[in-house]
Amino acid sequence: MPTLVVVGTQWGDEGKGKVVDVLTEQADFVVRFQGGNNAGHTLVINQKKHILHLIPSGIFRPNTICVIGNGVVVDPEVLINEIEKLKKEGVDISPNKLIISEKAQTIMPYHKALDIARETKAAQNKIGTTCRGIGPCYEDKVARKGFRLIDLTYPETFKEKLKKFLEEKNFLLKYLNAEPLRFEEIYEKYVAFGEYLKPYLTDVSQVLWNAQKSGKNILFEGAQGTFLDIDHGTYPYVTSSNTIAGNACCGSGLGPTEINSVLGIVKAYTTRVGEGPFPTELHDELGDILREKGGEYGATTGRPRRCGWLDLVMVKTALRLNGLTNLAVTKLDVLSGLKTIKLCIGYKCEGEVIDFFPSDLEKLKKVEPVYQELPGWEEDISQVKNFKELPESAKNYIKFIENYLQVPIALLSVGPERESCFLLKNPFNT
Ligand code: GDP
Ligand code: IMO
Ligand code: MG
């Protein structure tokens, strides 16, 4: 049975949660493999809005098992609150329905405190992080000074290590003019978190391997987007994990030969939260129109998202980095009512026109987008149920994207609701 990876092709918030919710109707397992509660994935089901930060977007499908892989950084308090909230809403979230890798790293209170203190100190030069402790947690993982979730279930060794690590963290916090943290406040709380989460912890790699061998459908749910990738994004204005499809393997323990297809989610325009270059950003009232019509406010931090035209140079680069086999275009409805729509098809860069995203940030800051202008459409398309019903100009916009990128568009989304979208082909197939 096919295994599908879903990733964002821009700077996050492309509508991954919505698309994953739609596609998990066909999936036995849905797996988060990187990031943490910096993610905010929105699902609208029967007019009720749900924002998920750590729990995969398959949780509302009764037959789909949700998996948090080893590559995720887990804030146990946030996860437990998310579990409790869903339980209250009557959602099945037993350890048969949600499984968590025992190897996933734990976000500690000092990770959050360091994230906030560094951003505050950097002031004008800040990254614009979500201040959820994501970066400092990944740093400790790589430095081999992190706690895997399973470590919380061994109170004595946890105690020794925590004492040692906290000494160094408090030294750093003091340097950053932040309050030190007290051992007693962390220790008992985190041991209790370990006890709560223990029934959910397991060897995810083995579970997925067995699932694959018995013919189950597995869907990987990416968080963030390609240009927030720690290696391939707009460094240093990125998150601290690899967000591209290749990391689905490292972040779950399933081998690359088990992956069949990769679906790239493309918002019909571009948005970004936080600092960093953004070639097609609109600084005029058109940007404000997109923000208001598209409800472009962060699902995690509530910050207004920066908005701009669709940048096909970016998406073309995302195609290469992720090995995309299909695309899903979301939020097409937001463009209704614009007289003309622009798409970026090249960058003027040091006297030539290029069609790839430069890695050199100094070059990227100076590129000038080359635009293709297409006629817009007036009609409200939020009720459209198939390609044929779309206005001619909307069809042309979609065909233009497909022709430029030479990758099939498998899904179109025209509204936030689960039902407001339609398939053009099955994204599980290449
Ligand atoms: P994610 O992080 O990629 O899952 O995306 P977010 O949930 O952060 O942001 C996407 C926003 O757009 C959410 O508010 C969704 O409810 C909404 N959304 C998703 N698809 C569509 C669509 O096709 N049309 C409209 N109008 N809204 C959409
Ligand atoms: P989803 O999964 C949009 C951005 C932050 C900041 C940078 C680093 O909902 O698409 P971090 O807290 O990760 O160290 O912040 O990355 N960022 C996101 N932007 N969507 C997200 O997730 C994001 N997760 C992180 O705004 O610029
Ligand atoms: Mg989001």
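How many nonpolar, polar and charged residues are there in the lining of the largest pocket? The legends below take up this question and then turn to other close-up views of the structure, which is a predicted model.

**View 1. The largest pocket and the residues that line it.** In this predicted model, the largest pocket has a volume of about 840 Å³. Its lining is made up of 42 residues, and those closest to its centre are I127, T129, T130, V238 and T239. Sorted by class, the lining of the largest pocket has 16 nonpolar, 16 polar and 10 charged residues, which answers the opening question. Helices α3 (109-122) and α4 (134-142) each supply at least two residues of this lining, and the largest share, six residues, comes from α4.

**View 2. The second largest pocket and its lining.** The second largest pocket has a volume of about 570 Å³, and of the 27 residues that line it, T42, G294, R305, K331 and P416 are the closest to its centre. Two or more residues of this lining are given by each of the elements α1, β3, β4 (48-52) and α9 (285-294). When the lining of the second largest pocket is sorted by class, it has seven nonpolar, 10 polar and 10 charged residues.

**View 3. The magnesium ion (ligand 3) and its protein donors.** Two residues, D13 through OD and G40 through O, are the protein donors of this ion, and they lie 2.0 to 2.2 Å from it. Because D13 belongs to the loop between β1 (3-8) and α1 (16-23), while G40 belongs to the loop between β2 (29-32) and β3 (41-45), the pair ties together parts that are 27 residues apart in sequence. D13 is partly exposed, with a relative accessible area of 22%, whereas G40 counts as buried, at 12% relative accessibility.

**View 4. V367 and the residues that it touches.** V367 is found in the loop between α11 (361-366) and β18 (368-375). Is this residue buried or exposed? The relative accessible area of V367 is 9%, so V367 is buried. Not counting residues up to four places away in sequence, V367 touches P279, Y347, K348, C349 and P358.

**View 5. R418 and its contacts.** R418 is found in the loop between β19 (409-413) and β20 (421-423). With a relative accessible area of 16%, R418 falls under the 20% limit and is therefore buried. Which residues is R418 in contact with, leaving aside its neighbours within four places in sequence? They are K18, D21, V22, V44, I45, F60 and R61.

**View 6. An open sheet of 10 strands.** The strands of this sheet follow the order β9-β7-β5-β2-β10-β1-β11-β15-β19-β20, and their pairing is mixed. The edge strands are β9 (201-202) and β20, each of which pairs on one side only. In general, the strands of a sheet pair through backbone hydrogen bonds, and they do so in either a parallel or an antiparallel way. Strand β7 (residues 98-101) runs parallel to β9, and two bridges join these strands. For I100, the bridge partner in β9 is L201.

Terms used. Residues numbered from 1 in each chain as written. Chains lettered and ligands numbered in written order. Predicted model: local features only at pLDDT ≥ 70, side-chain atom pairs only at ≥ 80, totals over all residues. Heavy atoms only, no water. Helix = DSSP H or I, 4+ residues; strand = E, 2+ residues; numbered from the N terminus. Buried < 20%, exposed > 50% of the residue type's maximum accessible area, 1.4 Å probe, protein only. Contact = heavy atoms within 4.5 Å. Donors = N, O, S within 2.8 Å, 3.2 Å for Na, K, Ca; no water. 1 Å grid on protein atoms, 1.4 Å probe; cavity = no way out; pocket = protein on both sides within 12 Å on 5 of 7 lines; lining within 4 Å. Points joined across faces, edges and corners; volume = space filled by probe spheres on them. Nonpolar A, V, L, I, M, F, W, Y, C, P; charged D, E, K, R; others polar. Pairing = 2+ DSSP bridges.
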